[in-house]
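Dear colleague,

Here is the structure I said I would pass on. My notes on it follow below.

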Amino acid sequence: MMRFLSCTILVLGLTACANRLRTDATLYERLGGESAMAEIAAATVDTLAASPDGRRTMDRVNLPRLKKKIAQQFCALTAGPCRYTGDDMKLAHAGLKISEREFNAIVEILRDVLNRRGVAEREKNELLQLLAPMQRDIVAAGHGMQGARPCCA
Ligand code: HEM
């Protein structure tokens, strides 16, 4: 009887432990790991490059390299096993004069890509929330609210 009870307690303990590990999984793991990062980045860049809001800036860009950099950046941001080695967002987008509309376009494209992959609402929001603060470095001053001055000089 004692042995049965000990075994039951052990099994319950292990189950609780496994459940805990599951909820503690990083966003990187919950999104699907390395292959998911590469696919999400590739689909987002391809769609943006072919869209009216992306054509202007993506025209002469090395798209395979950009996809790799974005996949690496997403991996690092979501606590995956990567180090982002690209330029910071301010430097990478300097001179591109990216508008708030163009920024919103990439967010919408990414949202669609995640929806098509069946990514749950929680993971989708976590990823989008990690990207949102980048807007201030990506959108050029003078475009939209980010660069707006209170009033007239
Ligand atoms: C959350 C939004 C965005 C993220 C996370 C992001 C991320 C990145 C990353 C990681 C790079 C590579 C940096 C490097 O070369 O080392 C990059 C470059 C670039 N991004 Fe973005 N970006 C965003 C929004 C946008 C938008 C809205 C546009 C234009 C519509 C854009 C256009 C570009 C272009 C053209 C480059 C390549 C610059 C070059 O190679 O000369 N990005 N971006």
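In this predicted model, helix H3 (residues 33-50) packs against H5 with the axes 8 Å apart and an angle of about 130° between them. The H3/H5 crossing is right-handed.

On the H3 side, the contact is formed by Glu34, Met37, Ala38, Ile40, Ala41, Ala42, Val45 and Ala49. H5 contributes Leu63, Leu66, Lys67, Ile70, Ala71, Phe74 and Cys75. By class, 13 residues of this contact are nonpolar and two are charged, with no polar ones.

H5 also matters for the next topic, the ligand. The residues around the ligand number 21, and those that come nearest are Lys69, Gly86, Asp87, Ala92 and Glu102. Two or more residues of the shell come from each of helix H4 (55-58), helix H5 (63-77) and helix H7 (100-116). H5 gives the largest share, four residues. The shell consists of twelve nonpolar, five polar and four charged residues.

As for the chain overall, it has nine helices and zero strands, so the pattern along the sequence reads α-α-α-α-α-α-α-α-α. The protein chain has 153 residues, of which 18% count as buried. Among contacts with a separation of 6 or more, 70% are between residues 24 or more positions apart.

Regards

Definitions and conventions
Residues numbered from 1 in each chain as written. Predicted model: local features only at pLDDT ≥ 70, side-chain atom pairs only at ≥ 80, totals over all residues. Buried ≥ 20, exposed ≤ 12 C-beta atoms within 10 Å, placed from the backbone. Contact = placed C-beta atoms within 7 Å. Near = placed C-beta within 6 Å. Nonpolar A, V, L, I, M, F, W, Y, C, P; charged D, E, K, R; others polar. Axes fitted to C-alpha atoms, helices over the stretch in contact; angles between N-to-C directions. Left-handed = near helix turned anticlockwise from the far one by under 90°.
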